[in-house]
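Dear colleague,

Please find below the structure that I am handing over to you. My notes on what was found in it follow directly after.

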Amino acid sequence: MINHACNLFRCAVRLSIGLVFASQALADEGFKLVHHELAGGVHALLGPIGGRSHENHGLNANFGIIDTAEGAVLIDSGASLQGARLLEVEAARLTAKPVRWVINTGAQDHRWLGNGYFRNRGAEVIAHTLTAATQQRNAHAQLDSLRLVLKERFDDTKPVTANRLLEGAHITLNLGGRQIEVHYFADAHFPGDVVVWLPDKRILFAGDHVYVDRLLGILPQSNAETWLSAFEALKALGPDHIVPGHGSVSDLGRAQADTGDYLAFIVNGIKPLAEDMVGVDAAVAQLGDAPQFARLANYEELHRGNVSRAYLRLEAAQ
Ligand SMILES: [Zn+2]
């Protein structure tokens, strides 16, 4: 693997004036996505592992760019129109081609709120029907909360879902001569989360199925139990490289340590408590300290809430 980290946003001088302005604006603020080239023409752009901010345009997540003979494929479109434009700058810098296809791996804001920008630019936006349904359900709440953070940088952002919808669990696409698979295993961080798999390169863009370096977040919509089974299923693909939804480019061992082991701790710990209906306070008292995961960023902020939300969901399923 070639590790090439640089300030991507200073490298845009070859691009058109508008894109250069967008790029320079980001460089001036000190914000940068970290670039890794995983194989010829397959790139990861890694955002910060902290929260959304005005400075980071809500790009606190990872994105993918795949070069093809007929244009670039972008994996996830960013959290806003402006964020989408910044990802377009990166795609042009890395491939010298326009973004012709966008694939959404999930329904969280930074996975899809840039779709409208790319559809206006003529790209085909591709999502699973289950992903698109969750996006639509969440759109208003996401717009309301993100507008408070991004302020004027959120202007003109519209919730636009895909114009090519995928059905079924395992879909093979041929985009510009590249074979690209989309797999839906089970509902995970959000209902309808999918992964993007490049079988010939053994590279997995895992979306929010996998968090590395930072603790994953179990939200009210997350299903820890099916997320764990989805995680087991993606392991069976046998990836050499995993681009997680958040955190560094990894292999299966890191993904297991930072995501799989944590999901197993949550599910296996909470299930018997939920069956006994011990109550959420008792569940948090028993599982609210997990020092083996305290090395992960955001542990203090997220772990106890994860326990309580996973408990409530599993108890409701009894
Ligand atoms: Zn995420």
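Of the 318 residues of the protein chain in this predicted model, 58% count as buried, where buried means under 20% relative accessible area, exposed means over 50%, and partly exposed lies in between (1.4 Å probe, protein chains only). The accessible surface of the chain comes to about 12,300 Å², and 51% of this belongs to carbon and sulfur atoms; the areas come from the Shrake-Rupley method with a 1.4 Å probe.

As this is a predicted model, local features need pLDDT of at least 70 and side-chain atom pairs count only at pLDDT 80 or more, while totals for chains, interfaces and linings use all residues. Residues are numbered from 1 along each chain as its sequence is written, and side-chain values use heavy atoms, with hydrogens and water left out.

The protein chain has 9 helices and 12 strands, taken as DSSP runs numbered from the N terminus (helices: H or I, at least four residues; strands: E, at least two). Its radius of gyration is 19 Å, close to the 20 Å that the globule rule gives for 318 residues, so the chain is as compact as a globular protein of that length. That radius is taken over C-alpha atoms, and the rule is 2.2 Å times the number of residues to the power 0.38. Among contacts with a separation of 6 or more, 70% are between residues 24 or more positions apart; contact means heavy atoms within 4.5 Å.

The UniProt record, an unreviewed entry, lists residues 60-246 as "domain: Metallo-beta-lactamase"; such annotations may be inferred rather than shown by experiment. The end C-alpha atoms of this span lie 8 Å apart, and the span is 32% helix and 30% strand.

Turning to the metal site, the zinc ion has as protein donors Gln108 (OE1), Asp208 (OD), Asp208 (OD) and His246 (NE2), at 2.1 to 2.6 Å. Donors are N, O and S atoms within 2.8 Å of the metal (3.2 Å for Na, K and Ca); water is not among the atoms, so sites may look incomplete. Asp208 in strand S11 (residues 203-211) and His246 in strand S12 (residues 241-246) are 38 residues apart and link distant parts of the chain. Both Asp208 and His246 are buried.

Finally, Asp261 is found in helix H7 (residues 252-275) and counts as partly exposed at 36% relative accessibility. Leaving aside residues up to four places away in sequence, Asp261 touches Gln256 and Phe293.

With kind regards
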